[in-house]
Amino acid sequence: MRRTLGFLVALTMPLGVAACTGGHDMADMDDMDDMDMLPEVIDVPPSEGRFETEVAEDLDPSPDVVEVSLEAKVADVELAPGRSVSMWTYNGLLPGPRIEARAGNTVRIRFKNSLPEATTIHWHGIRVPAAMDGVPAVQSPVAPGAEFTYEFVVPDAGTFWYHPHVRSDEQVERGLYGAFVVRDDGEPETTTDRTVVLDDLLVNSDWTLRDFDPMHAMIGRQGNLILTNGRAHPIAAVERGGLHRFRFINAANARYFRLALPGHRLIQIGTDGGLLSAPRELDDLLLVPGERADVLVVATGSEGEALDWKTLRYDRGHGTGELPDAVVFQMRNGDAIPTIPTPPVPTNLAVIPELPEASVQRELRLEESTDGGGPHGGHGSGDSDGMMMVPVFSINGQVYPDAAPLNAQLGTVEEWSIVNTTEMDHPFHLHGFRFQVVSENGEAPGFAAWRDSINIPAEKTVVFRVRLEDHPGTWMFHCHILEHAERGMMGELEVATP
Ligand code: C2O
Ligand code: CU
C-alpha cells in the first residue's frame, strides 16, 4: 500500500494509513506511528537555565568593525534537561551566536565549514552587496574543510538572522541559524531587550531528528518539538511591572507561529526592517517562516506568576488548522516589588517615507502541481517505482533552477503583485531590498513598515513596492517554506546598473 498512495491522497487519509507512505525501513516504523505530516507538538515541562542566546565575541578592537568567527560543525546540544541531540550548529551553539552590531558598522565573518557537506551563509534581511549574500548564484558553496570571509556594512538597524542557502530545507532544520541584531541610536527604552529565535524540529520519540522525507514537501516539514532559542519550553524571567522587548525570529522550515500571551496585549514596534512609525496593539501576532517582529509586553500580574506564550491555531491550508494551540516558552514574574518605574510605551518610533509610484509592474504567480515521479523525480521522490506523486512548486510556470531571471534596473521603484494560486499560504521573501506592502487581498495594511518576508495567504494576492537601491547583482526571491524553495518556488532578479 505504501507505494501506491498518491501524495495528495495520503494527506487526506486517516492517521495510521498516511504514516505508512514515507518509504522508511521497518526499523523506523515505530517512530512513524503518528501522522508524519501534521504531528502534534510534544508537551515538555518548563525548565530553568539559559534563555537568551550567546553573543558572538567581537575579535576586532576598532569600534566601527565587528569581526566574528563562525564554524559550522556537528555538536551535541541540550534541548531540555537530559535531552542532548546531535545537531548541525555554528560554534557548537543552537541557535548560533548572536551577531551584534551598530548601523553603519563593517561586519566581517570568518567562516569555516567543518560539516560533511558544502554550505553558505545568507544574511537574511540585511542589505549587503550581492557578492556577500551567500547564495549559490553568487558564491560557490564552501566545501567541507574550506573557509570563506564575508564582509559588508550593515546599513539598517533591525532584527535579522543568518542561515545556509544550500539544501536549506535540511541544513536549517538540522540547526544552522542564528540571530543578527543591528542597533542604532533611538532604540526605545525598555526594561529588557531579548532576541527570541523560534523553531520546531521533527523528532523521533528519543528526540533524534526524523529522517528527511519527500513526504514533507507538500506542507513543509512541520515539527513536533517547539524550540525557543534552541531549548524546549525555557523560562524567561521578567521583572514585574517592566516593559519587556522580545525580538522574535521565525527560523522554522514551515511552522507559522501565531504568538499570544494570555491576558496580555502585544505591542508591536518593529517588523523585518526595523522599527515601525508607531506601535500597534495586537491580541496575537502571526510570524511566518523567515519573518521577524519586535514586540513589547508589560509584565502585569502577581509575583512569581508563570505564563506561557502560545502559538495559536492557524490554518495555512491542507489541514493545518486542525492542530491545537501549543506552548512556546514561559514568562515568569520575579517576586520582588518593582523598584524601577515602568518605561512608557514609546509613541513615535521611526520615520518610514512612503515609496513613490512604481515605474515597473510585475506579477509573480505562486503555483503548485504534482509530478508522478517522471522527469522531475530528482526533485525528491526517491521512489523507484514512480508511483508516489511529489509536489512541484513554481513561480510563473518556472521551476527553479530552470527559471529565467527577471531583469531590472538599479534605482527603479517596482510594484510586485504576488498571486498565490494555491490552496495554502506561502511566506514570500525577497533578498537584497526592503519593500512596503501596498495591499493585502485588496486592502491597504494600515501601517507603514519595511519588510523582506510577507505571508501570501492561500488564493490571495499581496502587492508591494520596492526600490531597487544601492546594490546591483543577482538576488533571490522565494517561498520561505524551505521545502517549497528547494523544490522550485524560487527565482532570481538581475539588477543591472543603468
Ligand atoms: Cu532566509 Cu533566501 O532566505
Ligand atoms: Cu511555499
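Author: Let us begin with a definition: a salt bridge is a side-chain nitrogen of Lys or Arg within 4 Å of a carboxyl oxygen of Asp or Glu. Side chains of opposite charge can pair when their charged atoms come close. Please keep in mind that this is a predicted model. In it, D193 and R247 form a salt bridge, with 2.8 Å between the closest N and O atoms.

Reader: Is R247 buried or exposed?

Author: A residue is called buried when its relative accessible area is under 20%. R247 has 1% relative accessibility and therefore counts as buried.

Reader: How many salt bridges does the structure hold?

Author: The structure holds 38 salt bridges. One of them joins the side chains of R434 and D156, at 3.5 Å from N to O. This pair links distant parts of the chain, 278 residues apart: R434 is in the loop between β24 (426-430) and β25 (435-440), and D156 is in the loop between β6 (147-153) and β7 (158-163). D156 counts as buried because its relative accessibility is 14%. Another salt bridge forms between D272 and R451, whose closest N and O atoms are 3.8 Å apart. Here too distant parts are linked, 179 residues apart, with D272 in the loop between β14 (266-271) and β15 (274-282) and R451 in the loop between β25 and β26 (453-456). Both D272 and R451 are buried. Salt bridges that share partners also join several residues into one network, including R98, E100, D193 and R247.

Reader: Which residues line the largest cavity?

Author: A search of the whole structure finds 1 cavity of 30 Å³ or more. The space in the largest cavity is about 70 Å³. Its lining includes D156 and R434, as well as D272, F160 and F433.

Reader: Which residues coordinate the copper ion (ligand 2)?

Author: A metal site is read from its donor atoms. The copper ion (ligand 2) is coordinated by ND1 of H426, SG of C479 and ND1 of H484, at 2.0 to 2.1 Å. Along the sequence these donor residues follow the spacing H-x52-C-x4-H. Both C479 and H484 are buried.

Reader: Where are the cis peptide bonds from L94 to P95 and from Y400 to P401?

Author: For a peptide bond, one reads the omega angle. The cis bond from L94 to P95 has omega near -10 degrees, and P95 is in the loop between β2 (83-90) and β3. The cis bond from Y400 to P401 has omega near 10 degrees, and P401 lies in the loop between β21 (390-395) and β22 (406-409). N396 is in the loop between β21 and β22; although not a glycine, N396 has a positive phi of about 50 degrees.

Conventions
Residues numbered from 1 in each chain as written. Chains lettered and ligands numbered in written order. Predicted model: local features only at pLDDT ≥ 70, side-chain atom pairs only at ≥ 80, totals over all residues. Heavy atoms only, no water. Donors = N, O, S within 2.8 Å, 3.2 Å for Na, K, Ca; no water. Buried < 20%, exposed > 50% of the residue type's maximum accessible area, 1.4 Å probe, protein only. Helix = DSSP H or I, 4+ residues; strand = E, 2+ residues; numbered from the N terminus. 1 Å grid on protein atoms, 1.4 Å probe; cavity = no way out; pocket = protein on both sides within 12 Å on 5 of 7 lines; lining within 4 Å. Points joined across faces, edges and corners; volume = space filled by probe spheres on them.
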